There are 2 protein chains.
Amino acid sequence: MTAAPASAPLTYDQTGVNYELIDPLKVAAQRAAAQTGAHMAGHGFSEVAASRGESAYVVDVGPMYLASIVECLGTKALLADEMARLTGKSYYDGIAQDTIAMAVNDLITVGATPLVVQAYWAAGGSDWFGDAQRSQALVAGWKRACDICKVAWGGGETPALAGVVADGRVDLAASCTGIISPKERLSVGDRLGAGDAIVLLASSGIHANGVSLARKLAERLPQGYLTDIGNGQTFGEALLAPTVLYSPVTEALAAQGINPHYCANITGHGWRKLLRHPKPLTYRIAQVPPVSPVLAFMQKECQLDDHEAYGTLNMGAGFALFVAAKDAARVVEVAQGLGIPALVAGSVEEGPKQVLIEPIQVVYGADELQLR
Amino acid sequence: MTAAPASAPLTYDQTGVNYELIDPLKVAAQRAAAQTGAHMAGHGFSEVAASRGESAYVVDVGPMYLASIVECLGTKALLADEMARLTGKSYYDGIAQDTIAMAVNDLITVGATPLVVQAYWAAGGSDWFGDAQRSQALVAGWKRACDICKVAWGGGETPALAGVVADGRVDLAASCTGIISPKERLSVGDRLGAGDAIVLLASSGIHANGVSLARKLAERLPQGYLTDIGNGQTFGEALLAPTVLYSPVTEALAAQGINPHYCANITGHGWRKLLRHPKPLTYRIAQVPPVSPVLAFMQKECQLDDHEAYGTLNMGAGFALFVAAKDAARVVEVAQGLGIPALVAGSVEEGPKQVLIEPIQVVYGADELQLR
C-alpha cells in the first residue's frame with residue numbers, strides 16, 4: 001500500500017486490517033465455542049445463551065451469574081512509544097487505564113459488577129521491563145484504574161516473549177471477571193424495547209479504537225503527532241487521553257435500583273454499535289454530544305463524512321445505556337455526579353433495525369454491523 | 001551472546017530471559033495489586049489473602065469462591081512454526097491445548113472447577129489468520145481441550161496487531177474463571193502439613209516450559225528439530241506433545257470426596273515448584289517417575305546435571321498433589337483411571353524448607369525458589 005496523498009480521504013479500510021482474512025476464523029471459533037456451553041450442565045449450571053455474541057460471556061451458577069472476558073488494548077501502545085520518543089515523557093499510566101477500560105467497559109454491558117482484573121503484559125524481550133519510568137507508570141496507572149473501578153488486581157503475567165512480541169514493544173491485555181448479583185441486573189437485551197431512552201456517556205477522546213487510522217494520519221501530517229489540533233494540544237497528547245472507565249456509573253445506577261435494559265460499549269465500528277442487539281428496533285437519536293477536539297480534527301484531516309466518522313469513531317459518546325424512559329434523567333444525573341457528561345440522546349422505537357442520527361442526517365442499516 | 005560450542009553445557013541462563021530486568025516490575029506490580037484486595041469489602045466480599053502468590057487469585061463471594069487467572073503460552077508457537085516449515089504439518093491443535101493447559105492447570109491448584117475459558121489470539125497481522133489449515137487446527141484444538149476440561153469457551157479476542165506482535169507470529173494466551181464450591185475445596189495450603197503424601201502426575205513431555213532452552217539446543221544440533229531423539233521420534237515432534245490437562249483428575253477426586261491439601265503445577269523452575277507454599281516443610285521424594293524421552297534427550301544434550309535438570313524441566317512430573325496419606329493410593333488410582341500415570345512419590349515432613357529427591361540425591365533449599 002502506498003501512502004495516500006495528503007489531499008485524499010483516509011479511511012479505516014486503508015489501515016491494513018483485513019477482516020476478510022480474520023472473519024472465517026472468527027466464525028469457526030464462534031461456532032466451536034457455542035458448542036461448549038453445554039458443558040455447564042455437567043456442573044449443574046447453564047450458560048446464558050443470550051450472552052453469546054454480547055460483549056461478555058455469562059454463566060448462571062445458581063445464586064448469581066458469573067461474567068468474564070479478555071480484551072486487548074490493540075495498538076495504542078505504539079502511539080505512546082512514539083510520543084515518548086518525541087517528548088521524553090511516559091504515557092503508560094494512561095495506557096494502563098485504556099487496557100483495563102477495554103475489559104471493564106465491556107464486562108459491565110451485561111450488568112456485571114467487575115470484581116477481578118488480571119494483567120497480561122507480554123513484552124518483546126526482558127529489556128522492555130528495564131525502562132523503570134515506563135514500568136512504574138504502567139504499574140501506577142493499572143493500580144489507579146483498579147481503584148476507580150473498585151476491582152481487585154488479582155495478578156497476571158509479565159512474560160518476555162522475544163520473537164513473538166515485536167522487539168521493543170509490549171502486548172497489553174486484561175481479563176476481567178465479575179458477578180451479576182442480584183440476578184435481576186442481567187442485561188443481555190431481553191428487556192430492551194420500544195419506548196426505552198438512549199443515554200450516551202461522554203468519551204474522553206479516541207479511547208482505544210480508531211488508533212490505526214490516527215497513526216496513518218500522523219504519518220501524513222507534516223508535524224505528525226506534534227501537530228496542534230487547534231486547542232493548543234498536540235495530536236499525540238490528545239490521542240493519549242485515557243479511556244473513560246464507566247463501571248462507577250453502572251454501579252451507582254445499581255445502587256439506586258436502576259438496571260439498564262441494555263448497554264453498548266462504543267468501540268470499534270463507532271455508533272454502529274448501537275445496533276448491537278439482534279432485535280429489530282429503530283434507534284432514533286435526536287441529540288448528539290459535543291465532539292472532542294481530537295475526533296473533530298481527525299474527521300476533518302481524514303476527510304471523513306459524518307457517515308464514515310460516526311461509523312468508525314466514538315464521536316464523543318463512549319458508552320450507551322438503554323434505560324426505561326422514566327429513569328433517563330436520573331441516569332444522566334448520576335453520571336454527571338461522577339464527572340462524566342451525559343445526555344438523553346434519543347429513544348428506541350418499533351421499526352426496522354437501524355440507527356437514525358437526526359441532527360447529522362446519518363442512517364445505519366442492519367447490514368452495517370455484522371458481529372455474529 | 002555468541003552461540004555456545006556444541007560441547008559446552010547449555011543452561012536456562014543462556015536463553016536470553018533476564019529476570020533481573022523483569023523482577024523489579026513484578027515486585028512493584030505485586031505490591032500495588034495487593035493493595036487492591038481491599039476493594040472487595042465495598043462489594044460485601046473479601047479476597048482470600050492466602051491466594052496472593054498462589055497460581056490463581058481467589059475471592060470469597062459468599063456462597064462460593066471465585067478463582068481467576070490469565071496465562072500465556074510463551075514461545076512454544078515459534079517451535080510449531082518452525083516444525084510446520086520443516087514438515088508441512090500444522091501443530092496448532094496441540095498448541096491450543098498447551099495454551100489452555102497453562103491456564104487450567106494453574107486454576108485448579110486452588111481447588112477450583114474451571115468453568116469458562118476465554119481465548120486471546122493476537123496475530124502480527126491479518127495475514128496470520130489467512131492460513132486456513134493452521135486456523136482450523138487452532139480452533140479444533142481449543143475446542144477439544146475445552147471438551148476435555150468440561151469448560152465453556154466463552155469467547156475471546158482475535159486482534160491483528162501489526163507492529164506489536166512480531167510479523168508472521170501469534171501471541172497466544174487464555175484466561176480462565178472458575179468457582180470453588182463447596183467452599184471446603186479451597187486449597188491454598190492451610191491444610192498442607194507433615195504426614196501428607198506427595199502424588200505426582202505424569203507429564204507428556206516438555207509441556208510449555210523450558211521451550212527457550214529447547215530452541216537453543218535445536219540451534220546447535222546438526223539436524224536441529226529433525227534430530228532423532230533415540231526412539232524414532234524427531235526432537236521437534238516430541239517437543240510438541242501437548243501439555244496434559246489435569247482438571248479431569250481434580251474434578252474426579254472432588255467427586256470422590258478427596259480434596260487435596262495443596263497442589264503445585266510443575267512448570268517453570270521444574271521440581272523447585274514443590275517448594276511453592278511458604279510453610280517451612282521438607283518434601284522428601286522417595287520415587288521419581290520415568291523421564292520422558294524428549295526430556296532425557298535434552299538433559300543429555302544440554303549436559304545438565306540432575307540438579308539443573310530437575311530444577312528447570314518437569315522431568316516426567318507435570319503436576320503435584322499433596323494429599324492426606326490415607327487418600328494417596330486412591331488418588332493414583334483415579335488419575336490412572338483417566339489415563340494419566342501417577343505415583344505416590346514421597347511425603348511431607350517437619351523440617352527445614354527443602355525438597356529432597358533421594359533417588360538422584362538432589363536437594364533444593366528454600367532460597368532456590370523465589371516467587372513472592
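Author: The model is predicted. In it, H269(A) has a relative accessible area of 29%, so it is classed as partly exposed. The class follows from the cut-offs, because buried requires a value under 20% and exposed a value over 50%. H269(A) is located in the loop of chain A that runs between β8 (262–265) and β9 (281–285). Its backbone also deserves attention: phi is near 75°, a positive value in a residue that is not glycine.

With a relative accessibility of 30%, G53(A) is counted as partly exposed. Its C-alpha atom is 14 Å from that of D23(A), a residue 30 positions away in the sequence.

In chain A, S181(A) and P182(A) are joined by a cis peptide bond, with omega about 0°. P182(A) belongs to the loop between β6 (170–180) and β7 (197–202) of chain A. Chain B has a cis peptide bond between S181(B) and P182(B), where omega is about 0°. There, P182(B) occupies the loop between β6 (170–180) and β7 (197–202) of chain B.

Nonpolar side chains tend to be buried together in soluble globular proteins. The largest nonpolar core of this model has 121 residues, and within it F235(A) and W271(A) touch the most other members. Helix α4 (residues 92–107) of chain A supplies the largest share of this core, with 9 residues. Domain 1 (44–185) and domain 2 (197–368) of chain A each contribute at least three residues to the core. Setting aside residues up to four places away in sequence, F235(A) touches A214(A), L217(A), A218(A), L221(A), G224(A), Y225(A), T227(A), I229(A), V294(A), F297(A) and M298(A). There is also a second, separate core of 120 residues, whose members include A96(B), L217(B), A264(B) and V294(B).

The axes of helix α3 (residues 76–87) of chain A and α4(A) come within 10 Å and cross at roughly 175°. The two helices, α3(A) and α4(A), are therefore roughly antiparallel. On the side of α3(A), K76(A), A77(A), A80(A) and D81(A) meet Y92(A), I95(A) and D98(A) of α4(A). By class, the contact of α3(A) with α4(A) consists of 4 nonpolar, no polar and 3 charged residues.

Chain B can be described in like terms. Helix α3 (residues 76–87) of chain B and helix α4 (residues 92–107) of chain B have axes that come within 10 Å and cross at roughly 175°. This crossing makes α3(B) roughly antiparallel to α4(B). The contact involves K76(B), A77(B), A80(B) and D81(B) from α3(B), together with Y92(B), I95(B) and D98(B) from α4(B). The residues of the contact between α3(B) and α4(B) comprise 4 nonpolar, no polar and 3 charged.

D81(B) belongs to helix α3 of chain B, and its relative accessible area of 13% makes it buried. Apart from neighbours within four places in sequence, D81(B) is in contact with Y92(B), R134(B), G168(B) and R169(B). Among these partners, Y92(B) is also one of the α4(B) residues in the helix contact.

D327(B) lies in the loop between β10 (317–323) and α11 (328–337) of chain B. Its relative accessibility is 10%, so D327(B) counts as buried. The C-alpha atoms of D327(B) and I258(B) are 7.2 Å apart, although 69 residues separate the two along the chain.

Technical notes:
Residues numbered from 1 in each chain as written. Chains lettered and ligands numbered in written order. Predicted model: local features only at pLDDT ≥ 70, side-chain atom pairs only at ≥ 80, totals over all residues. Heavy atoms only, no water. Axes fitted to C-alpha atoms, helices over the stretch in contact; angles between N-to-C directions. Helix = DSSP H or I, 4+ residues; strand = E, 2+ residues; numbered from the N terminus. Parallel < 35°, antiparallel > 145°, perpendicular 65-115°, else oblique. Contact = heavy atoms within 4.5 Å. Nonpolar A, V, L, I, M, F, W, Y, C, P; charged D, E, K, R; others polar. Core = buried A, V, L, I, M, F, W, Y, C linked by side-chain atoms within 4.5 Å. Buried < 20%, exposed > 50% of the residue type's maximum accessible area, 1.4 Å probe, protein only. Domains from an automatic or database assignment.
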